[in-house]
Structure formats: structure tokens, C-alpha cells
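Open the model in your viewer and keep the selection panel at hand. The tour goes through one chain, step by step.

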Amino acid sequence: MTQRATAGPAKGWEYVIGLEVHTELKTRSKLFCGCPNAFGEEPNTSICPVCLGLPGSLPVMNAQAVDFAIRVGLALNATVQRSQFHRKNYFYPDMPKDYQISQYDVPINANGYLELPSGRVIGIERAHLEEDTGKLVHRGGHGRIESAAYSLIDYNRSGVPLLEIVSAPDIRDPEEAKEYVTELRAILVAVGASDGRMEEGSLRVDANVSVRPIGEATFRTRVEIKNLNSLRSLVRALTFEGHRQVQLYENGEAMIQQTRFWDEERSLTGALRLKEEANDYRYFPEPDLPPVAPDVELIEERRTELPELPSARRGSIAMILPELSADLRETIIADACWPYFRSAVDAGITPARAAARCANELTALLPDIGVLAPERFVEVLAIEDRGDLGASQVKILLREAASDPTPVKELVTKLGFTARDEDAMKAMVEEVVIRFPDEWGRYLGGDEKVAGFLLGQVMRQHGRQISGAGARQALLALADEARSGAE
Amino acid sequence: MNDEILDWGIAELHRRLEAREVSTVEVIDAYQEQIEIQEPEIGAFLTLDLDAARSTATAQDTRRSRGETLGRMAGVPVALKDNLCTTAFPTTAASRILEGWIPPYNATVVDRLADQDGIVLGKTNLDEFAMGSSTENSAYKITKNPYDLERVPGGSSGGSAAAVASRMALVGLGSDTGGSIRQPAALTGIVGFKPTYGRVSRYGLLAFASSLDQIGPLTASVEDAALVAECIMGHDPRDATSLQEASPLLLGALTEGVRGIRVGIVTNLVEIASPSIQAALLRAADALAQAGALISEISIDELAFGLAAYYVVAPAEASSNLARYDGVRYGLREPGATVEEMMIATRTKGFGPEVKRRIMLGTYALSAGYYDAFYVTAQRVRSLVRSAFDRAYESVDLLLTPTSPTTAFRIGERSADPVEMYRSDICTIPSNLSGDPALSVPAGADPDGLPIGVQLLGPPRSEQLLFRGAYAVEEGLR
């Protein structure tokens with residue numbers, strides 16, 4: 001395990017953090033019924049007797065959810081096993097059956113790990129399937145249930161499949177927690193199990209955090225912080241909580257195990273009412289669902305189908321471009337960017353150029369990528385690689401190639417870039433040479449520095465329409481001719 | 001004419017309808033007349049809609065006159081236990097907490113009966129949420145035994161049993177979690193059948209104990225039970241515990257007889273029954289022997305532990321299944337200052353004492369620190385019962401037991417002593433724990449004229465053999 005310079009909550013202290021990440025699986029239908037798994041519908045329109053938990057209704061397992069869970073398990077190096085559903089019993093108005101169908105002692109995925117970009121390895125204890133609850137909106141008061149005048153319930157989310165991924169308490173500081181969630185999110189998106197949208201609630205994080213003096217081997221009392229819905233909240237809440245705990249210890253006060261919430265506006269964590277955590281969930285095997293026993297063939301099939309995961313992408317980059325900065329590397333291995341880089345490198349484009357164009361121009365274009373498919377991107381880069389167009393032209397061409405579906409070759413013509421042949425280019429250089437005879441003489445005499453001035457004049461005259469590399473070629477050719485003519 | 005109509009079984013009714021000797025409307029009229037006479041005394045129904053039944057009947061007569069082929073249950077008046085979801089009737093499970101609730105969907109069995117043109121007359125009374133053995137735990141009314149109005153019809157499917165026994169319906173559907181079809185069938189002198197777990201879809205059955213509940217028919221004859229069973233059995237994709245295989249054909253097998261079939265009398269269950277029931281059981285065994293079955297005696301001591309295991313497993317599952325009745329979405333809602341107070345007030349007012357007792361028993365059995373001692377131990381006993389049956393079925397094909405240790409008891413007689421009430425189900429509970437099929441068939445009456453039922457048990461998915469045995473008993477005792 002790679003060591004890492006961690007930032008403790010105070011001098012001589014370190015964090016011990018374990019994360020529970022809930023991700024909504026992007027199945028077509030809900031976990032136990034045929035209702036569409038959709039976001040943003042009118043409240044209570046995507047519902048049926050099953051996800052409303054009406055008397056007499058029964059759950060039926062969604063095979064696609066199991067499939068997604070297996071893919072995530074494999075991507076997290078976990079053991080995929082025969083699993084059992086349990087009922088987690090507690091009363092809450094957003095939960096139509098007043099129990100949640102979840103997995104308890106035999107989750108579908110167990111004992112995996114995730115390698116962070118830093119090289120640190122975080123254990124994954126389990127990744128299990130469960131159903132989501134409905135959504136409560138409290139009106140009046142402080143937006144919390146106890147002070148609300150009334151509450152509204154939207155059951156569209158009820159029964160949406162969730163995968164709860166529980167890490168070991170291996171995370172050692174808030175930034176590392178952020179790194180873990182970012183990496184996990186990338187994996188979930190890469191295997192197609194989740195859209196990874198934190199802002200839409202398709203990724204929700206609960207954090208277990210304690211602190212201890214560096215060197216202490218045992219864990220101290222932990223606090224669970226619920227519903228951290230952005231990376232910013234995650235880092236801030238953990239930092240606040242770490243400081244709070246250290247202060248308690250240093251003041252000799254008692255630390256109690258409790259569940260707290262993060263108040264983003266006031267930038268602090270607060271305790272939830274004791275009542276809410278005194279739950280005995282009375283887990284017992286769900287009698288309505290037989291165990292989920294994925295067969296070995298399916299698991300192996302899914303294993304071979306796994307896409308290239310972020311850690312493997314990092315490995316490829318380390319081979320091709322060992323000098324690349326970590327920032328650029330992370331930009332390039334991002335899910336949206338990676339297929340472009342991979343295609344470019346596979347097509348023989350200079351890796352450094354592919355990396356630069358991916359990290360800069362492509363990334364800028366990604367939010368509105370239009371018709372710029374990876375093949376088209378590679379086509380443009382190939383022109384640059386051949387020296388047919390200059391960098392500034394390629395940047396324009398990429399932008400145009402995204403919004404204008406014209407074939408790249410025609411697009412080049414349309415933009416008036418290289419329709420010019422070598423002779424035309426030579427003529428343009430010749431014009432300049434004639435206007436600056438002194439400089440031309442010095443250049444012929446071997447003063448390479450003047451080349452820049454001369455080419456600059458050419459560019460100034462003809463602007464971005466011509467390729468800098470092409471102009472240089474023409475200049476060299478003219479010089480050769482002049483020298484051989486002089487002999 | 002009307003009395004004659006009430007005597008017909010399904011096959012006879014079908015034949016008469018096909019021959020135009022009677023119209024479907026006349027059939028419904030006959031049952032309506034019977035209901036008008038009997039129902040005020042018996043109190044079997046919670047809701048009735050005879051106008052709807054008659055218009056369905058009219059439609060069927062029209063279809064028949066156009067030459068259409070109607071379903072296997074055409075013209076058959078059906079009574080549904082009120083824990084089966086119906087869009088046409090409120091579904092209350094005889095609880096205040098669901099008073100007036102009309103489900104937006106039909107239970108699978110209700111749809112299957114409708115597909116076969118069965119005509120639903122109404123919904124029948126039960127012990128609240130099927131928790132009981134006398135139908136006294138209904139929040140709405142007490143149903144009387146047609147053979148003695150001072151006595152209970154058994155339970156929890158007492159309404160369906162009393163309706164069929166008093167000829168207010170030709171077919172009743174019930175649910176059986178610990179004997180709730182078979183025990184009332186025995187106490188009212190009719191046939192009651194609990195299929196193998198998973199044979200009939202539970203979709204739309206208000207769950208009591210999900211791993212034990214099965215829906216089945218209550219009918220006047222073994223033949224009718226076979227026909228109804230054939231209509232409602234079969235895989236349902238909406239129930240994940242539903243068996244995937246094709247269902248057995250029962251009607252055709254009835255007359256295959258029992259020659260050479262080995263039947264074991266379960267002596268330790270016979271010993272606890274009253275003398276007249278013991279005698280009736282021996283008559284039934286004799287009828288089987290006359291038909292060529294090989295009778296032996298067998299003691300299966302583990303079955304006696306079933307009762308205790310059942311009263312852990314069933315309340316445990318019930319405590320969870322009944323959590324959803326919280327006043328938030330449907331049914332009763334009592335006011336409360338907070339959500340929590342509203343839920344507590346609703347459940348306090350909405351549930352009756354027996355339901356509350358079982359919710360508390362089950363909650364306790366699943367609680368941290370008690371789970372292993374109660375729930376896990378009970379599951380172990382359940383496996384013990386399963387393996388005891390497996391061992392028994394190595395030497396016999398079917399088992400014969402009393403259905404109930406006693407005939408119908410007096411209303412109020414066991415109300416004060418829940419454990420005494422629970423003992424009513426000692427012979428029926430083991431088949432729910434094992435998931436095996438079981439059937440109660442009438443076997444005469446005691447000196448007071450109260451009906452006696454005997455029970456045939458078979459290994460998993462042995463419905464065909466079970467019905468052959470039941471038919472032989474019925475024929476032999478006729």
C-alpha cells in the first residue's frame with residue numbers, strides 16, 4: 001500500500017473514515033415491479049400496487065438490477081455470491097411497507113477493493129441491493145419533519161433499485177474520501193450501472209468517521225453523518241466533524257456514538273434526535289423472494305465484458321505517456337474523454353498530441369459534443385499529425401467538426417484551410433521573401449532565428465488559413481532552391 | 001326447483017346450463033333466495049352484491065345463447081374470503097383498519113375465477129387478518145355454524161365455510177396459514193383443500209404469514225374442489241414464490257382409486273382427538289382399505305412441536321406484514337400531533353386484540369437478543385418437521401389424521417384462553433410449516449350431529465394422489 005501524506009484533523013491526530021455510497025442503478029424498471037425507473041416525473045405518476053406496498057402486493061426481482069450489481073461487484077474485485085434478501089423493519093412515512101427490502105448477512109457482493117489514483121487501496125466490505133424509499137417534502141418549519149406544518153410524499157422513487165457500497169474504514173482524510181467517491185463514481189459509470197449524477201441524488205453518501213491519535217491501533221467511537229449529497233459537503237462535513245471530535249477528546253468530554261446530519265448553510269454537523277437511531281431493525285429473511293443465485297456462467301460472461309476501468313486506463317497512460325501530469329491524466333481517463341484518446345492512440349496519432357487535444361479542446365467541447373464522434377476526432381488529429389494543418393487551424397476545425405456534420409475533408413475546404421497546394425504556399429512565402437531581402441539573406445546565410453520572423457510575416461499576411469508547418473516546408477524548399485541556384 | 005339447484009355440484013350445474021334446463025339467472029335467483037333466508041342467521045358475508053351477480057348471469061346467458069363456449073366456472077356462485085383483493089368489493093380482512101378500502105387491483109385467483117366465468121356473490125367474514133380459528137376475531141360480526149347457531153364455524157375462513165355449508169354459495173375461496181381452510185371445512189362438514197406452497201399465486205392475498213399462506217377452495221364435494229383447484233393453480237409471474245412447473249390435472253385422476261396406495265394413520269395426532277373423531281377417522285381408514293389402500297399406523301412425534309414453532313414464525317412475519325397499515329396511505333387514519341402519534345393512534349384503534357397480540361409476539365421474537373432464541377429456533381423446528389415428513393413418506397404415500405381435535409365449539413368458549421384456541425390447529429399446522437398439500441374431507445358427525453372432518457396429507461406436489469385418496473374416502477363413506 002502506498003503511503004500518503006495525509007492531512008489530519010489536528011497535529012498528532014488522524015481520521016478514520018468509512019463510506020456508505022448509495023447509487024441508483026439505471027435499470028429500465030424498478031427493483032420489484034414494472035414501473036419505469038425515471039427521474040423528474042410528476043409526483044406519484046410512476047407507481048403501482050407493488051411499489052406503493054398495497055395490501056396483497058408482492059415483489060418480483062428485476063434481473064437487470066442483479067446484472068448491474070454483478071458488474072459493479074466484479075469491477076470492485078468482489079466475490080459475487082448467492083445472496084438473500086432481508087426485511088429491515090422500521091416505521092417511516094416515505095416507506096410504503098414500513099419495511100425496506102434489503103440485503104443483510106449475505107450480500108450479493110462481498111470483500112472487494114478499490115485502488116485510488118494515489119495508489120492507495122481501499123477495502124470494500126460489501127455492495128448489496130436494496131430498494132429506495134419515496135421522497136418526503138416538508139412544508140413549513142425548518143424543512144425538517146418535526147417542525148413541518150405538513151409533509152408531501154412522492155412515491156415515484158419508491159422501489160428504485162439501489163446498490164449500497166460499503167467501504168472498510170480505510171480512508172484517512174476528507175480529501176481521500178473525495179478521491180474515493182470520485183473513483184467509485186467513475187467505475188459505476190464505466191460499467192454502465194449508474195449515471196453517477198450526485199445532484200439528482202443518484203449517488204448519495206453516508207460517512208462513518210472517528211479520529212484517533214496517530215499510532216493508536218484501535219478505532220474510537222464513530223459518528224455517522226447522513227446524506228452528504230455533494231463532494232464539497234463530504235469534504236467540509238468530514239473536516240468539521242474531525243475537528244469537533246478532536247476538540248471533544250482534548251477537552252476531556254465524552255464522545256457518543258450517534259447519527260448526525262450536515263447543515264450546509266450553517267457549515268456544521270448536528271445530532272439527529274436520539275429516537276431515530278434507537279431502532280432495532282428486526283431483520284429477517286424476506287419470505288416473498290427466493291435467494292438470488294447468479295450462475296457461474298453469467299458471472300464469467302460479465303467478467304469478460306467488463307470495460308476498461310479507470311485503474312487500467314491509468315496503467316495504459318503510464319505506459320504511453322509516463323511524464324503526463326496527474327491532472328491531465330485524470331481528465332483524459334474520464335469516461336467521456338477516454339474513448340477519444342483510446343481511438344486516437346489506436347489509430348497511431350502521436351500520444352502527446354492526442355493527450356493535449358483531449359485534455360484541452362475536446363474537454364471544452366464535451367458538454368456540447370454534437371457530431372464529433374471519436375472517429376471524426378481522430379480524422380482531424382491525423383491531419384494535424386501529417387502537418388497538413390497547424391494547431392490553431394485544428395482547434396477551429398475541431399469546433400466546426402462538432403457542430404457541422406460535413407465530412408472532415410470537405411469541412412477543411414469549406415473553412416478555406418488547405419485547398420492550397422505546395423506551389424501556392426511557396427508563392428505566398430516568396431512574396432514575403434521579396435519584401436524582406438535583408439532578412440532572407442541572413443536566413444540563407446544560416447541565421448535560423450530569422451525563420452520565425454519570415455514565417456510570422458507569412459502568417460500575418462494570410463492569417464489562420466494556412467498551416468504553419470506547411471509554410472515552414474515552403475520556406476525550406478525555397479532556401480534549398482536559392483542555395484542550389486547560387487552554386 | 002330452487003332447492004334442487006342448490007344441490008347441484010359444478011359438473012351437474014354445467015350440464016343443466018348447457019342443456020338449457022336452467023338459466024344462469026335462475027341459478028343466481030335460487031342462491032339469492034337461500035341467502036335471504038340463511039344469511040340473517042349465519043352472518044357469513046361482509047359484503048354482497050347480488051345485482052352485479054345477476055347482471056353477470058344475464059350476460060352469460062346471452063353469450064351462451066349466441067353459441068359461445070363459456071368457462072369452466074360458468075354460472076358458479078362464488079364466495080370470496082375478504083382478504084382477497086377485489087376491485088368490485090371493499091377488501092377489509094375483517095379489520096377496522098381497512099374499513100371501506102377498495103383495492104385498485106384483483107388478486108390473481110380472483111382474475112382466474114373470472115376468466116373461467118365464476119360469479120362472485122360477495123366477500124365473506126374471517127378472523128381479522130386471518131388470525132384465529134373461530135371467526136370470532138372479526139371486527140364486524142360473528143359467523144355462526146350452520147349446524148348449530150350457538151357454535152363457531154371454525155376459522156379463519158369461517159365465512160366462506162359457513163356460506164358453502166349453508167348452500168349460500170357453491171364455491172368458497174379461503175386462505176390457509178395454519179389450517180384456516182381445513183379446520184372450518186371440517187367444522188362445517190365440507191371439503192377444504194390447501195395446495196402445496198407456491199401452487200396457487202398469493203398475489204392479491206392480504207399477507208398474514210407469507211411463508212405459510214396458501215389460497216384454496218372450500219366446496220361441498222371433492223370433485224368440486226378438484227375443479228376449482230385446477231382453475232386457480234399455476235405459475236404466476238407476479239408471485240416470486242409461485243411454482244414454475246405445470247399444475248397437476250386433478251379431475252381426471254379422481255377415479256383412479258387408491259389400490260396399493262400406502263396410507264399411514266398418524267397415531268399421535270389421533271390420540272389427542274375426541275373419541276367420536278377417533279371413531280370417524282377409523283371409518284375413513286376403513287373406507288380407504290375397502291378401496292384397496294394399505295393402511296398402517298405411524299407416530300410422528302416431531303409434528304407436536306409444530307404448534308410452538310408456528311406461533312413464533314407466523315407472528316414474526318405478521319408483525320412485518322402488518323406494519324404497512326399505518327394510516328399514511330389508505331384505510332383508517334386517526335389524528336395525531338406528529339406522524340408517529342398518528343400511526344400509534346391509528347394502529348391502536350384499527351387493530352383488534354388478537355392482531356395486536358400477534359404483532360407484539362412477532363416483534364418480540366425478531367428483536368435483537370431474542371432472534372436466535374425464538375425465530376432461529378423456530379426455523380430449526382420447521383426443518384425438523386420437514387425432515388420428519390420426509391422420513392414418513394419413505395414408508396407411506398399419504399398420511400391420515402383428524403383435521404381438528406374437536407368438533408365445533410361454542411361461541412365464546414375459547415375466547416378467554418388464546419393458547420387453548422391455538423391448539424385447535426395442532427393437526428393442520430405441520431403442513432403449513434412443511435409447505436405440503438393437505439385436504440380435509442367430511443367423515444360423518446358426532447353424537448350432537450356436529451360435522452367431523454379427516455385430513456389427508458401428502459408429500460410436496462402430490463395433489464393428484466391426495467385427491468384420489470379424498471375421493472375414495474368420500475365415496476366409501478357415502
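Which side chain meets that of B:Glu245 in a salt bridge? Select B:Arg461 together with B:Glu245: their side chains form a salt bridge, with N to O at 3.4 Å. Keep in mind that this is a predicted model.

Next, colour chain B by domain. Domain 1 covers 2-253, and domain 2 is made of 258-300 + 395-477. Domain 1 of chain B puts 44 residues into the contact and domain 2 of chain B puts in 43 residues.

Now show the surface between the two. About 3,400 Å² is buried between domain 1 of chain B and domain 2 of chain B, with 60% of it on carbon and sulfur atoms. On the domain 1 side, select B:Arg151, B:Arg182 and B:Val222: these lose the most area to domain 2 of chain B, and together they make up 20% of what that side buries.

Turn to the polar groups. Two salt bridges are found across the interface of domain 1 of chain B and domain 2 of chain B, and 24 residue pairs there are in polar contact, both residues at pLDDT 80 or more.

Finally, select helix H7 (182-188), strand S5 (191-194) and helix H8 (222-232) of chain B, the elements that each give two or more residues to the side of domain 1 that touches domain 2. H7(B) supplies the largest share of that side, five residues. By type, the residues of that side are 21 nonpolar, 13 polar and 10 charged.

Note on methods: Residues numbered from 1 in each chain as written. Chains lettered and ligands numbered in written order. Predicted model: local features only at pLDDT ≥ 70, side-chain atom pairs only at ≥ 80, totals over all residues. Heavy atoms only, no water. Domains from an automatic or database assignment. Contact = heavy atoms within 4.5 Å. Buried area = accessible area lost by both parts, 1.4 Å probe. Salt bridge = Lys/Arg side-chain N within 4 Å of Asp/Glu carboxyl O. Polar contact = N/O pair within 3.5 Å; in protein donor to acceptor, adjacent residues only side chain to side chain. Helix = DSSP H or I, 4+ residues; strand = E, 2+ residues; numbered from the N terminus. Nonpolar A, V, L, I, M, F, W, Y, C, P; charged D, E, K, R; others polar.
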